[in-house]
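Open the model in your viewer and keep the selection tool ready.

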Amino acid sequence: MTQIKKTIALLPGDGIGPEVTSAAVQILTDCAAAFGHQFEFRELPFGGAAIDSCGEPLPAATLAGCRSADAILLGAIGGPKWEALPLGTRPEAGLLGIRQELGLYINLRPIRVRPALIAISPLRPDRLADCDFEIVRELAGDIYFGKHEIKGQGSAASASDIATYSAAEVERVARYAFDRAMARGRHVTSVDKANVLATSTLWRQTVTALAREYPSVALDHLYVDNAAMQIMLRPKQFDVIVTSNLFGDILSDEASALAGSIGLIPSLSRGRVDQPALYEPIHGSAPTLAGKDIASPLGAILSATLMLRESFGLNAEAHWIETAVDRALERGYRTADIAEPGAKVSRGSELTAQIRSEMQQTLARQGGSA
Ligand code: IPM
Ligand code: MN
């Protein structure tokens, strides 16, 4: 068994960010102790918290601390306190800034229904089936990073946002999607709006050309409106969905509802393989839940297991933790967002404690060492 030593930059951020990242840190610390790894956590200010303490959402020291880490774990950013600030200075600018600065052009959002939670999905079990797919969202281009402009005042005002893609930007993210599909069900669905948009026309041409390098992967194309419908109607048809930044943002929130709650979905953002990847739950900062210990820690904990697998190659450790998550859910532990009507509702910290206890019980069953 190889023991590893890694530095993890921790960006708790705002709202429920600090409490959910703290849950993930507890789990990772248990993991290090059980398997003899060393994880050094380096906590850095980010988002609204950094605006308050340093005057900007992405301080240079935070960026430098992330660059020199082996991986980054982010909680969430934003909240009403900073909503009145101009667009480019809000907590969200910190998130877009870190994506851009670290060259994080791939965003992976796995959509998996945990067996114990089938009943809380809004979709009937026969439609949901064993739905398990991945959304690969382009993260560094599109309308997010073009010029945003508002001109004029009152009824004379006008606004524009520019969407741009180069073939190279499309190809590098599509390549990642095809590689994921090769290791899964060998099916890529590319989502665009090629009946209207020039960027989508280029997107479709580029993905189609790249598909020739992957003859064993089936490729189909859906317009984004149809894709939104298909995700609800027949989610089982999907293996890997690849799409642009804006469409991926919208479709991943929709798809997360299939799993029962956006609070359950982790994500990976990465660029070049030799650069640190960033892991974050896709739920937001949920300011109304903050500090009350009612938010689900699962998105953050599953982001940590995604980190163990994807950045550190620790598959057994990730599996061990995910099994403990499923056992805790099978025993009926539920935070409010995933509780069936009438079910007992646990605090976030109670769910975390139960997962940790399940982890220890598996170790004990295996004879004291993993
Ligand atoms: C996400 C979020 C961000 C995005 C916001 C907070 C800028 O919604 O990560 O999905 O739109 O990318
Ligand atoms: Mn989003």
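This is a predicted model: local features need pLDDT of at least 70, side-chain atom pairs count only at pLDDT 80 or more; totals for chains, interfaces and linings use all residues.

Select Arg 109 and ligand 1. An oxygen atom of ligand 1 lies 3.0 Å from an N or O atom in the Arg 109 side chain.

Residues are numbered from 1 along each chain as its sequence is written, chains are lettered from A and ligands numbered from 1 in the order in which they are written, and side-chain values use heavy atoms, with hydrogens and water left out.

Which residues are around ligand 1? They are Glu 92, Leu 95, Arg 99, Arg 109, Arg 137, Tyr 144 and Asp 249 (a heavy atom within 4 Å of the ligand).

Last stop: select Ser 269. Is Ser 269 buried or exposed? Ser 269 is buried, because its relative accessible area is 0% (buried means under 20%, with a 1.4 Å probe and protein chains only). Show the side chain of Asn 107 as well. The Ser 269 side chain makes a polar contact with it, at 3.2 Å (a pair of N or O atoms within 3.5 Å, one able to donate a hydrogen and the other to accept it; residues adjacent in sequence count only if both atoms are side-chain atoms).

Terms used. Buried means under 20% relative accessible area, exposed over 50%, partly exposed in between (1.4 Å probe, protein chains only).
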